[in-house]
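Hi,

Here is the structure I said I would pass on.

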Amino acid sequence: MGRHFREEHAPTTKLGAVLGRLLRDPRILAAALVDYDSGMALETYGSSRCYLDLELATAGQAELMRVAVDTFQPLHPAGPADGLTVSYGDNVHHLLTPVTDPYGDRLLLSLIVAGSSAGLCMLRRRLRTMQYHKLTTGPC
Amino acid sequence: MSNIEQALDMAANIKGAFAVALVDYDSGMTLGSRGGSAEFDLDVAAPGNSDVVRSKLDVIQKLAIRETIEDILITLNTQYHLIRLIRGQSNEKLFFYLALNRAQANLAMARRDLRIIEENFYLSNPAVAGNQVRGGHSVDGQSFFPSNSIQR
């Protein structure tokens, strides 16, 4: 359902517009723009190194985020505003960050990243500088 | 340009869209359309899909579910059909009908775009003036994604 694209199409998509050169970083295995409520992926990008079923992965990630929000709402009413990180044993990390949508959808930027925690720190620093508003343009 | 024409133009612009109509599901009549053809006859699709909408609303009523239908998504072999009901007064029974080519379209994105088009159309209706902006989701009461609650 979501539009899935590989490296050569990156620049013309919303993910390409926002993440730009970062998509060519070998540490980025996959990226997606996910609707939190439906679990649908609005856009997915998979590098040639990544053979995941991204439709399935993004549905699971939306579910993960929903658990993080709902289960701990009494304890953390503001929610996981800085996002979730799940670090798997094989040095692969899933980053999920909420994205502000002026049209009222609840969207997540999902990144599947390879590498050490130190590398992850640096990546997160780069991500903080990105212009996420281009992810949420509407129809024209 | 009227709101109907503007909304139809925007819907027709959705990637993969090959036909769109604004339909009154009470009468089955089309208030406007784009892209209909001999292969895809909107004059047949409009009253037919009005039946779909009325059937579903009927089931919901019989189940005593006190909720509105926001959209209906139908997946065919090479097409998607999206029906987006338009909020309004009880005497206005309208929906957008959008037919998409499955190979070119992105269902998730089209659903989102059609939702935004419906919201714009609803808000630009003079009868609606003074109604509150819905913006965001009323599925649950929590305010996560709090920056979305800022009115546009």
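Let me start with Leu98(B). Leaving aside its neighbours within four places in sequence, Leu98(B) is in contact with Ala11(B), Ile14(B), Ala17(B), Val20(B), Leu82(B), Ala110(B) and Leu114(B); contact here means that the C-beta atoms, placed from the backbone, lie within 7 Å. Leu98(B) is also, with Ala11(B) and Phe96(B), one of the residues with the most contacts inside the largest nonpolar core, which has 64 residues. Such a core is a set of buried Ala, Val, Leu, Ile, Met, Phe, Trp, Tyr and Cys residues joined through C-beta atoms within 7 Å. As for burial, a residue is buried if 20 or more other C-beta atoms lie within 10 Å of its own, exposed if 12 or fewer, and partly exposed in between, again with C-beta atoms placed from the backbone.

Before going on, some bookkeeping. This is a predicted model, so local features need pLDDT of at least 70 and side-chain atom pairs count only at pLDDT 80 or more, while totals for chains, interfaces and linings use all residues. Residues are numbered from 1 along each chain as its sequence is written, and chains are lettered from A and ligands numbered from 1 in the order in which they are written.

Chain B

Chain B has 3 helices and 5 strands, in the pattern α-β-β-α-β-β-β-α along the sequence. Helices (H or I, at least four residues) and strands (E, at least two) are DSSP runs numbered from the N terminus. Of the 152 residues in chain B, 30% are buried.

The 5 strands make an open, antiparallel sheet in the order 2-1-5-4-3; strands count as paired if DSSP finds at least two bridges between them. Strand 2 (29-34) and strand 3 (71-75) of chain B each have a single partner strand, so they stand at the edges with one side left without a neighbour in the sheet. On average, neighbouring strands of this sheet are turned by 15° against each other, direction ignored. (Axes are lines fitted to C-alpha atoms, for helices over the stretch in contact, and angles run from 0 to 180 degrees between N-to-C directions.)

Two helices pack on that sheet:
- Helix 2 (residues 42-62) of chain B touches strand 1 (17-24), strand 2, strand 3, strand 4 and strand 5, and its direction makes about 60° with that of strand 1 of chain B.
- Helix 3 (residues 107-123) of chain B touches strand 3, strand 4 and strand 5, and its direction makes about 25° with that of strand 4 of chain B.

In the sheet itself, 8 bridges join strand 4 (residues 79-86) of chain B to strand 5 (residues 94-101) of chain B, and one of the facing pairs is His81(B) with Ala99(B). Strand 3 and strand 4 of chain B pair over 5 bridges and form a hairpin with 3 residues between them. Asp71(B) stands opposite Arg84(B) there.

How do helix 1 (residues 3-12) and helix 3 of chain B cross? Their axes come within 10 Å and cross at roughly 170°. Asn3(B), Ala7(B), Met10(B) and Ala11(B) from helix 1 of chain B meet Leu114(B), Ile117(B), Asn120(B) and Phe121(B) from helix 3 of chain B.

Chain A

Chain A has 3 helices and 6 strands, running β-α-β-β-α-β-β-β-α from the N terminus. Of its 140 residues, 37% count as buried.

Strand 6 (residues 107-114) of chain A is mostly covered, with 7 of its 8 residues buried. Strand 6 of chain A pairs antiparallel with strand 5 of chain A over 8 bridges, where Pro98(A) has Leu108(A) as its bridge partner. Another 7 bridges join strand 6 of chain A to strand 2 (residues 28-35) of chain A, also antiparallel, and Ile28(A) stands opposite Val113(A).

Leu96(A) lies in strand 5 (residues 92-99) of chain A and counts as buried because it has 22 C-beta neighbours inside 10 Å. Not counting residues up to four places away in sequence, Leu96(A) touches Gln61(A), Leu64(A), Met65(A), Gly83(A), Leu84(A), Leu108(A) and Ser110(A).

Cheers
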